[in-house]
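I opened the model today and kept notes as I went. The entries follow in the order I looked things up.

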Amino acid sequence: MRERAIPYLLLAPSAVFLLALFVWPLAEAILIAFTDDAGVWSLRNFREMADDLNFGDAVKNTVLLVIVVVPLQLVLALALASLLGNIRRGRDIHLYVWTIPLGISDLAAGIVWLAIMSERGYVNTALQAMGLIDGPASWLSYETPWVLFAAVVVAEVWRATAIVLVIVVAGMQLIPKEYGEAAEVFGATPWQRFVKVTLPALKPSLQTALILRTILAFEVFAVVVALGGRNLPVLVGEAYAWQNDYQNSGVASAYAVLVLAISLAVTFFYLRVLRVREETLA
C-alpha cells in the first residue's frame with residue numbers, strides 16, 4: 001500500500017498547485033463571464049464584448065500576428081537548427097547565443113524595440129545620418145498601423161523564436177543518423193533529405209512547438225503594450241483594458257474565455273493534423 005501511494009504523494013504538490021493557480025481561477029473566470037451583475041446566467045458580457053469598438057480590430061490584429069509570426073518563427077528555427085547540425089566546433093556557444101532572448105521577458109523585449117523604433121531611437125538616428133529624413137519620424141503611432149504591426153512582428157520573432165529552436169534542436173538530436181546516411185547513399189540531395197527524412201521524424205517536436213507558440217501568440221500583450229499601447233488592439237490587451245481601465249470583470253472574463261476557446265481549438269487542430277502514429281514512434 002505504501003509503495004502504491006508513493007507516486008500519488010509525489011504528484012500531490014503539482015496537483016494542488018494546478019488546482020489553486022489554474023483550475024480554480026479558470027472556473028471563476030468562466031463563471032464571471034457567463035453571469036450578469038445579478039448572478040444570473042447570461043450572455044450579456046459576450047454581447048457587450050462583441051459590441052466593443054475595438055473588438056473587431058483586436059480579433060483581426062491577433063489573428064494576423066499569429067498567421068505572420070508563427071510561420072516565420074518555425075521557418076527560422078528550422079533553418080537555424082539545420083545550420084547548427086552542420087557546425088563542428090563551437091556548436092554549444094552558437095546555441096547559447098541564439099537562445100539569449102529566452103532570458104528576456106516580454107515587456108523587456110518590447111522596451112528594447114521601443115528604444116530602437118521611437119522618435120529618438122536608433123532607426124531615426126540612422127535615417128537622419130544618411131539624410132533620408134529631415135527630423136524624427138513617429139513610426140509607432142496610430143497613423144502608421146502597418147509599421148507598428150511590423151515592429152511587433154519583428155520583436156516577437158526576435159524574442160520567441162528561441163523557444164521553437166530549442167524544441168526543434170532537441171527533436172533533431174533524437175533522429176538516428178543512419179536515416180540521413182542511408183538517404184545520402186541512395187543519392188538524395190540535402191533538400192530531399194530534409195523534406196523526406198528530417199521533417200517527418202520531427203513531427204512530434206513540431207507539434208509541441210506549434211501548439212506552444214500559437215497559444216502564446218494568441219496571448220501576446222506586453223510587447224504590444226510597450227510598442228504601441230492600444231494603438232494596436234489585441235485580445236489580451238482588451239481584456240486588460242476592460243479589467244484595469246473600465247473595472248468590468250465580466251467583459252474581461254469574456255475576452256479571456258474567448259482566448260481560451262481559440263487556444264483549445266488550435267491545440268485540437270494541431271493534434272489532428274500533426275498526429276503521429278505509434279508505429280512511427282517505435
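Predicted model: local features only at pLDDT ≥ 70, side-chain atom pairs only at ≥ 80, totals over all residues.

**Entry 1: a loop proline.** I started with proline 176, which is partly exposed at 32% relative accessible area. My cut-offs are under 20% for buried, over 50% for exposed and partly exposed in between, with a 1.4 Å probe and protein chains only. Proline 176 sits in the loop between helix 7 and helix 8.

**Entry 2: ground rules.** Residues are numbered from 1 along each chain as its sequence is written, and side-chain values use heavy atoms, without hydrogens or water.

**Entry 3: the whole protein.** I counted 14 helices and zero strands. Both are DSSP runs numbered from the N terminus: H or I of at least four residues for helices, E of at least two for strands. Of the 282 residues, 36% count as buried. The C-alpha atoms fill a box of roughly 75 × 70 × 30 Å along the principal axes.

**Entry 4: the largest pocket.** I looked up its volume and found about 960 Å³. A pocket here is an open set of points on a 1 Å grid over the protein atoms alone, where a 1.4 Å probe fits, with protein on both sides within 12 Å along at least five of seven lines; lining residues have an atom within 4 Å of a point. The volume is the space filled by probe spheres set on the points, which are joined across faces, edges and corners. The lining has 26 residues, and Ser82, Gly85, Asn86, Met172 and Thr198 lie nearest the centre. Which helix gives the largest share of the lining? Helix 3 does, with seven residues. Helix 7 (145–173), helix 8 (177–185) and helix 9 (190–201) each supply at least two.

**Entry 5: threonine 99.** Is threonine 99 buried or exposed? It is buried, at 15% relative accessibility. Threonine 99 lies in the loop between helix 4 (91–98) and helix 5 (106–117). A polar atom of its side chain lies 3.1 Å from the backbone oxygen of tyrosine 96. Leaving out residues up to four places away in sequence, threonine 99 touches Ala162, Leu165 and Val166; contact means heavy atoms within 4.5 Å.

Terms used: Polar contact = N/O pair within 3.5 Å; in protein donor to acceptor, adjacent residues only side chain to side chain.
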